[in-house]
Amino acid sequence: MSNMYEILKKFEKIENKLKLDQSKIKNVTWWDAVRYPLFLEILEELNLREKKFKTKISSKNILFYLTKIIQNLFQFFFSKSPIFIKKNCYLIWGHPRRKLENGKFYDIYSDYFIELFDKKKNDFAVIENTINGSHFTPAKTKNIFYAEPLLSLAFIFSKFRLIENDHKDFSIVSKLESLINKEFSCFIDVKKLVKKKIRIWLGIYTVMYFFFKIKKPKLFFIVVSAGNEPILAAAKSLNITSIELQHGSPTRGKLNYDYSSGIRKSTFPDYFLSFGEYWSSGLNLPINQKRIIHLGYPYLQKKIFLYSKIKKEDRLIVVSQPHNSRDLSDFAIKINKKFKDRIIVEFKPHPLEYSLNPDYFKNLLEAGVLISNKNQDLYESFAK
């Protein structure tokens, strides 16, 4: 069986052969939004990545979502509505997975970034989407507003956008689907994925374009650009400078950041604020290297100071990710079996794993691997 890197090279060969970064449908640079999720779906089909948990659609689910959308639209008139954001502010599209510290929930990327500009704290506004339908409160962020009204309105707009298969521009999608299925010996409905992404794009772009036009932010910061391409497209169309705050580890094969193949991404932020030269040196982002700025990681700096005198231990931390969690848990068990008399092996689940309570938790505990407490500070474990 091919490994991930062999699949990646074939995938990049296809995107260059078809010049997918130059293709537009309904004036949407659809490959910007489709590239990464399509690659992940290929890996899932080839069992090189754990498959996503998919919720079955039922009439009960549909009724729940419709009710939620109506509730979200009413939030336009509540205090956390984006319509109350001041004009000409520094706007941040934040990260919804907050951490509880000192009795408040922090966005560890945007909150600590804002603190670097103490005199201008009031000039920043943060828009936040939810995880699992709820926001973490009380939030550390002072000027925080909720994205649900905007995104629900965008969802409604998207449902009225019809994308036909016989559209002349869909010929390249047919070629892509044929090459994907032939090269990787699996069937993926690429047309369905492309149509879905274009509909979502058109809905979000329309709403965010008018939102940006009204609010006129001085700068637009974003913590996660992947999946938010239509928002960035709206900002760019109004010449609003966009800047991404690094939040993860951009590496080879993470196609939300890895553009080693040489293709372009027209909706990537104008600038990228990296954790430092270590990360930036190996990045192949779709922007000029001069636009990658070594900011550092303000949250990490605070943690280094906090735990500078902590007692060290012979400890190995295995940091999990949902789509590789079983492989990582097996790895932790094997390491513990071989070195249990010499080191402590700690398995740090991804926040989403705690809510799923997967069966491999039991296997880890039975093997003597320490599973981090849900509220355990990862940086404290690192310090040990």
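Close-up 1. On one side of α1, Lys9, Lys13 and Lys17 are exposed, exposed meaning over 50% relative accessible area, buried under 20% and partly exposed in between (1.4 Å probe, protein chains only). Helices (H or I, at least four residues) and strands (E, at least two) are DSSP runs, numbered from the N terminus. This is a predicted model, in which local features need pLDDT of at least 70 and side-chain atom pairs count only at pLDDT 80 or more, while totals for chains, interfaces and linings use all residues. Residues are numbered from 1 along each chain as its sequence is written, and side-chain values use heavy atoms, with hydrogens and water left out. The buried residues of α1 are Ile7, Leu8, Phe11, Glu12, Ile14 and Glu15. Seen down the axis of α1, these buried residues fall within an arc of 160°, so they line one face of the helix; the arc is that of the directions from the helix axis to the C-beta atoms. They pack against α2 and α6, with contact meaning heavy atoms within 4.5 Å.

**Close-up 2. The two ends of α1.** At the N-terminal end, Asn3 caps α1, with a side-chain oxygen 3.0 Å from the backbone nitrogen of Tyr5. Just after the helix, Lys19 has a positive phi of about 50°.

**Close-up 3. The largest nonpolar core.** This core has 36 residues, and Trp30, Leu38 and Leu176 have the most contacts inside it. A nonpolar core is a set of buried Ala, Val, Leu, Ile, Met, Phe, Trp, Tyr and Cys residues joined through side-chain atoms within 4.5 Å. Two or more residues come from each of α1 (4-17), α2 (30-45), α6 (171-184) and α7 (190-215). The largest share, eight residues, is that of α2. Leaving aside residues up to four places away in sequence, Leu38 touches Phe11, Trp31, Leu176, Ile180, Ile188, Val190 and Leu193. A second, separate core has 24 residues, including Tyr90, Tyr109, Phe221 and Ile317.

**Close-up 4. Strand β1 and its two partners.** In β1 (residues 90-93), Tyr90 and Ile92 point one way, Leu91 and Trp93 point the other way, and all are buried. In a regular strand the side chains alternate between the two faces of the sheet. β1 pairs in the parallel sense with β4 (residues 124-128) over four bridges, where two strands pair if DSSP finds at least two bridges between them. Leu91 stands opposite Ala125 of β4. β1 also pairs with β6 (residues 219-222) in the parallel sense over four bridges, and Leu219 in β6 is the bridge partner of Tyr90.

Definitions and conventions
A polar contact is a pair of N or O atoms within 3.5 Å; within protein, one must be able to donate a hydrogen and the other to accept it, and residues adjacent in sequence count only if both atoms are side-chain atoms.
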